[in-house]
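Colleague: I've got the sequence and the model up on my screen. Walk me through it, starting wherever you like.

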Amino acid sequence: MHLEDFPMDIQKCPLKFGSFGYTTRDVLYRWNPARQVAIADDMKLSQFDLISNPADNRTDFLKTGEHSMLLVSFHLQRHMGNFLIQVYGPCVLLVVLSWVSFWLNREATADRVSLGITTVLTMTFLGLEARTDLPKVPYPTALDFFVFLSFAFIFATIIQFAVVHYFTKYGSGECYFSADFMSDSESDEEEAASSPAVHMRTAVRVQPAAAAAATATAQTHRLSLQGSRSSRRRRHKPRTPRFNSVSQIDRASRVVFPLLFLTINIVYWCSFLSRSQRLHGRQ
């Protein structure tokens, strides 16, 4: 059996009828054109579909001479439904699940690492379980390629988070507040602008007749401001909430990873399915 295309493979099972005691000089075997190979209509196989059964007359050359043979070959195509449900579907879901970390906060280290490790371990168990019923062959099969492809994408997700976390410089992963401090000169200007002393000085310029009274009142108010300024050296603006910005690597990964996975899947399925079709065409 050739299992390079497993589970999209087509197996050929030849069956020969003949005599090794008599050569072609003694007996010749020929198929009856009217009655060659009859297959029951209700025959079903659990893992294969019988797609064709070509028959032929052959002559084998052995040490004892030429021997007439009847050959019938059963071409069996493997069912893929079981593997789609148990291997291919879970592999795709695990890869998509690993992409959830691209939408998590880039400083949620515990969440993203635990998600990545869980998907890697699950993918490892799934890959080992997929080869349980497979014969021990020394070469990789089509199923092994897909499992390795899925594992590589999940592992790349963890590497991507390591890169994102390396360039994360601030914040705690949650909404935090920042208070902007005003300098003493700015606070003095704002207090002076909001105080009635400014209006009083303006009033001094407008009404020269009341200059003496206005000057005395302004000096009294200025002394009271200087006394209160010593207890409030720095004033805070209202605290405004700020959020950590989304990493540009995460933004790009949300598009690059799905497109790359979709492209590789198209190449994978077209390649192996076309190989099976070429094999079918040669039968």
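Colleague: Let's start with Ala-55: where is its place in the chain?
Modeller: Residues are numbered from 1 along each chain as its sequence is written, and side-chain values use heavy atoms, with hydrogens and water left out. Helices (H or I, at least four residues) and strands (E, at least two) are DSSP runs, numbered from the N terminus. Ala-55 has its place in strand β3 (residues 55-62).

Colleague: And what is the relative accessibility of Ala-55?
Modeller: Buried means under 20% relative accessible area, exposed means over 50%, and partly exposed is in between (1.4 Å probe, protein chains only). Ala-55 counts as partly exposed, because its relative accessibility is 27%.

Colleague: Which residues does Ala-55 touch, not counting those up to four places away in sequence?
Modeller: A contact here means heavy atoms within 4.5 Å. By that test, Ala-55 touches Trp-31, Gln-36, Val-37, Leu-71 and Val-72.

Colleague: How is Phe-48 placed, buried or exposed?
Modeller: Phe-48 lies in strand β2. Beyond four places in sequence, Phe-48 touches Gln-11, Leu-76, Gln-77, Arg-78 and His-79. Its relative accessibility is 16%, so Phe-48 counts as buried.

Colleague: What separates Phe-48 and Gln-77 in space, C-alpha to C-alpha?
Modeller: Along the sequence, Phe-48 and Gln-77 are 29 residues apart. In space, their C-alpha to C-alpha distance is 5.2 Å.

Colleague: What about Gln-47: which residues does it touch, leaving out those up to four places away in sequence?
Modeller: Gln-47 lies in the loop between β1 (10-18) and β2 (48-52). Gln-47 is partly exposed, because its relative accessible area is 47%. Arg-78 is 31 residues away from Gln-47 in sequence, with 5.8 Å between their C-alphas. The residues that Gln-47 touches are Gln-77, Arg-78 and His-79.

Colleague: Gly-21 next: buried or exposed?
Modeller: Gly-21 is in the loop between β1 and β2. With a relative accessible area of 63%, Gly-21 counts as exposed.

Colleague: Which two residues does a cis peptide bond join?
Modeller: The proline involved lies in the segment before β1. Omega is about 5° for this cis bond, which joins Phe-6 and Pro-7.

Colleague: Which residues lie nearest the centre of the largest pocket?
Modeller: On a 1 Å grid over the protein atoms alone, a pocket is an open set of points with protein on both sides within 12 Å along at least five of seven lines, while a cavity is a set where a 1.4 Å probe fits but cannot get out; lining residues have an atom within 4 Å of a point. The largest pocket holds about 460 Å³, where points are joined across faces, edges and corners and the volume is the space filled by probe spheres set on them. α1 gives the most to its lining, with five residues. The lining has 20 residues, and nearest the centre are Phe-6, Asn-82, Phe-83, Gln-86 and Asp-133.

Colleague: Which residues line the largest cavity?
Modeller: The structure holds one cavity of 30 Å³ or more, and about 30 Å³ lies in the largest. α2 (109-130) and α3 (142-166) each supply at least two of its lining residues. The lining is made up of Ser-101, Arg-112, Val-113, Gly-116, Thr-157, Ile-158 and Phe-161.

Colleague: Which element of the chain has the lowest mean pLDDT?
Modeller: The chain averages a pLDDT of 77, and 70% of the residues score at least 70. Over residues 171-187 the pLDDT stays under 50. Where pLDDT is low, the predicted coordinates should not be read in detail. Helix α1 (residues 81-98) has the highest mean, 93, and the lowest, 43, belongs to helix α5 (residues 196-206).

Colleague: Last one: of the 283 residues, what share counts as buried?
Modeller: The chain has seven helices and eight strands. Among contacts between residues at least 6 apart in sequence, 80% join residues at least 24 apart. The buried share of the 283 residues is 30%.

Terms used
pLDDT is the predictor's confidence in each residue, from 0 to 100.
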